[in-house]
Amino acid sequence: METTFCNLSFTIAPGRVFTPRPATERLVRTADELIGDEPKKVVDVGTGSGVIAVTLAVRNPQAEVWAVDKSPDAVALARENARRHGVADRVHVVEGDLLEPVPGRADLIVANLPYLPDSLHDPRYDTEPPEAVYAPGDGLDPYRRLLNACRDGKLVTPGGAVVIQFHREALVANCWQLEDLRRQLEEHQQAAA
Ligand SMILES: C[S@@+](CC[C@H](N)C(=O)[O-])C[C@H]1O[C@@H](n2cnc3c(N)ncnc32)[C@H](O)[C@@H]1O
């Protein structure tokens, strides 16, 4: 099956890999602005079908992109989409947890990770793999763990930034704003509970 994302065609695998949503195009636009014209190393965490990583690589020939997912089905699909768009040499798709499989430091981290509490049932996601949408407790652990990892100067450059998708918004933080971003996520989640 096929979908269109940022005016590009992608192969999707409904039921096995999360199907990209139009709201995620906002995340890509925000990341594009942050990448600018200089060579950048970008990591897409929880890449799914690879739409974010591949679109950023297509639009930014100066960027080297790493795409990580813990789902083997997602890794296979993201690789297929990178090949399809001729960017497999600059989109390194790897299986693993968050930033763990990525060597060296990144300039930009982008992520659309699960954030809905697993006690919730949202019918909009009934056909999606649950582990792509829901997380234990208040749902924020994947993002909490990612923001913690980004504090490590060995993983993110000092001027680096993080862009995450959260309830259809693209939220940005630089290395000094990670704690504020975590608080913002928790306040929003508590208000929604
Ligand atoms: C909401 S989907 C987003 C997929 C894609 N980025 C998009 O926007 O269409 C979340 C993805 O994160 C992956 N994921 C969840 N926890 C992860 C973790 N700890 N490390 C790596 N990937 C993870 C899931 O397998 C899933 O593919």
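**Burial, loops and the ligand**

Reply: Glu186 has a relative accessible area of 17%, so this residue counts as buried. The model is a predicted one.

Me: Which helix holds Glu186, and which side chain does the side chain of Glu186 contact?
Reply: Glu186 is part of helix H5, which covers residues 178-192. Its side chain makes a polar contact, at 2.8 Å, with the side chain of Arg182.

Me: Is Asn81 buried or exposed?
Reply: Asn81 belongs to helix H3, residues 72-84. Its relative accessible area is 0%. The limit for buried is under 20%, so Asn81 is buried.

Me: Which backbone atom does the side chain of Asn81 reach?
Reply: The side chain in question belongs to a residue of helix H3. At a distance of 2.9 Å, it reaches the backbone nitrogen of Thr11.

Me: How far apart are the C-alpha atoms of Arg79 and Ala67?
Reply: Arg79 is also in helix H3, and with a relative accessible area of 38% it is partly exposed. Along the chain, Arg79 and Ala67 are 12 residues apart. Between their C-alpha atoms the separation is 9.1 Å.

Me: Why does Asp32 count as buried?
Reply: Asp32 lies in helix H1, residues 24-35. Buried means under 20% relative accessible area. Asp32 is buried because its relative accessible area is 18%.

Me: What is the distance in space between Asp32 and Ala57, C-alpha to C-alpha?
Reply: In sequence, Asp32 and Ala57 are 25 residues apart. In space, C-alpha to C-alpha, the distance is 9.9 Å.

Me: What is phi of His167 near?
Reply: His167 is in the loop between strand E9 (156-166) and strand E10 (169-174). Most residues other than glycine have a negative phi. Phi of His167 is positive, near 50 degrees.

Me: What is phi of Arg168 near?
Reply: Arg168 is found in the loop between E9 and E10. Its phi is a positive value in a residue other than glycine, near 70 degrees.

Me: Where do His167 and Arg168 fall on the scale of accessibility?
Reply: Exposed means over 50% relative accessible area, and partly exposed is the range between that and the buried limit. His167 has 26% relative accessibility, so His167 is partly exposed. Arg168 has a relative accessible area of 53%, so Arg168 is exposed.

Me: Which residues around the ligand come nearest, and in which pocket does the ligand sit?
Reply: The ligand sits in the largest pocket. There are 17 residues around the ligand. Those that come nearest are Gly46, Asp69, Asp97, Leu98 and Asn112.

Me: How many residues of each class are in the shell around the ligand?
Reply: The shell is sorted into nonpolar, polar and charged residues. The counts are seven nonpolar, seven polar and three charged.

Me: What distances separate a nitrogen atom of the ligand from backbone atoms of Gly46, Thr47 and Leu98?
Reply: For Gly46, a backbone N or O atom lies 2.8 Å from a nitrogen atom of the ligand. For Leu98, a polar backbone atom is 3.0 Å from a nitrogen atom of the ligand. For Thr47, the distance from a polar backbone atom to a ligand nitrogen is 3.4 Å.

Me: What percentage of the accessible area of the ligand does the protein cover?
Reply: On its own, the ligand has 600 Å² of accessible area.

Key:
Residues numbered from 1 in each chain as written. Predicted model: local features only at pLDDT ≥ 70, side-chain atom pairs only at ≥ 80, totals over all residues. Heavy atoms only, no water. Near = heavy atom within 4 Å. Polar contact = N/O pair within 3.5 Å; in protein donor to acceptor, adjacent residues only side chain to side chain. Areas by Shrake-Rupley, 256 points an atom, 1.4 Å probe, with all protein chains shown as cover. 1 Å grid on protein atoms, 1.4 Å probe; cavity = no way out; pocket = protein on both sides within 12 Å on 5 of 7 lines; lining within 4 Å. Sits in = over half its atoms within 2 Å of the grid points. Nonpolar A, V, L, I, M, F, W, Y, C, P; charged D, E, K, R; others polar. Helix = DSSP H or I, 4+ residues; strand = E, 2+ residues; numbered from the N terminus. Buried < 20%, exposed > 50% of the residue type's maximum accessible area, 1.4 Å probe, protein only.
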